[in-house]
Amino acid sequence: MDNTAYLCEEGAILDGGGTTDYAFYGDADNVTIDGCEIRNYDNPAQHGAINAGRDAGASADGWAITNNEIHHNWGAGIYISGLDYYIAGNNIHHQHQLGVAIDSGGGIFENNEIAWNNYQVDYNWGW
């Protein structure tokens, strides 16, 4: 849904339990996700636990993904295809494939810590 904010209280955890594909998925515009711990989602390769605008021809513009801890997800932590995104202040670590996948231009990406992704060598690093 356009113009939606998901503001997590301190200690809030979104846990996919290793069986759910996505914490957030869609092509809505102006979505904010702030202050959440997002972990254990079974998202496919080249998709994110936060998966904005992934469908063919889709775009998710104006997403703000801030101050989250995103870890131990199967594909990527974040996938975004859209304009005017703002991704800042996140700790993105221990995804099985990628920390972040961006398939667009025209956004701001700053002050994120990205570490220890593809840590179990589940995916060929050259892929």
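**Notebook: a strand-only chain and its core**

I began with Trp63. Leaving aside residues up to four places away in sequence, I found that Trp63 touches Gly26, Ala28, Asn30, Val31, Ile33, Ile50, Ala52, Ile80, Asp84, Tyr85 and Tyr86. I note here that the model is predicted.

**Entry on the core.** I next looked up the largest nonpolar core, which has 19 residues. Trp63 is one of the members that touch the most other members, together with Ile33, Ile38, Ile50 and Ile78. S6 gives the most, with 3 residues.

**Entry on the secondary structure.** How many helices and strands does the protein chain hold? I recorded 0 helices and 14 strands.

**Entry on the disulfide.** I searched the whole structure for disulfides and recorded 1. This disulfide joins Cys8 to Cys36, with an S to S distance of 2.0 Å. The pair links distant parts of the chain, 28 residues apart. Cys8 lies in the loop between strand S1 (4–7) and strand S2 (13–15), and Cys36 lies in the loop between strand S4 (31–34) and strand S5 (37–39). A disulfide is a covalent bond between the sulfur atoms of two cysteines.

I also looked up the handedness of the disulfide. The torsion about the S-S bond of Cys8 and Cys36 is about 75°, so the disulfide is right-handed.

Are the two cysteines buried or exposed? Cys8 has 24% relative accessibility and therefore counts as partly exposed. Cys36 has a relative accessible area of 2%, so Cys36 is buried. The cut-off used in this step is that buried means under 20% relative accessible area.

**Entry on the whole chain.** I compared the radius of gyration with the expectation for a compact globule. With 127 residues, such a globule would have a value near 14 Å; the protein chain has 13 Å, which agrees. Along its principal axes, the C-alpha trace spans about 35 × 35 × 30 Å.

Of the 127 residues, 42% are buried. The chain exposes about 6400 Å², and carbon and sulfur atoms supply 47% of this area. Last, I looked up the contacts with a separation of 6 or more: residues 24 or more positions apart account for 50% of them.

Note on methods
Residues numbered from 1 in each chain as written. Predicted model: local features only at pLDDT ≥ 70, side-chain atom pairs only at ≥ 80, totals over all residues. Heavy atoms only, no water. Helix = DSSP H or I, 4+ residues; strand = E, 2+ residues; numbered from the N terminus. Rg over C-alpha atoms; globule rule 2.2 N^0.38 Å. Buried < 20%, exposed > 50% of the residue type's maximum accessible area, 1.4 Å probe, protein only. Contact = heavy atoms within 4.5 Å. Areas by Shrake-Rupley, 256 points an atom, 1.4 Å probe, with all protein chains shown as cover. Disulfide = S-S within 2.5 Å. Core = buried A, V, L, I, M, F, W, Y, C linked by side-chain atoms within 4.5 Å.
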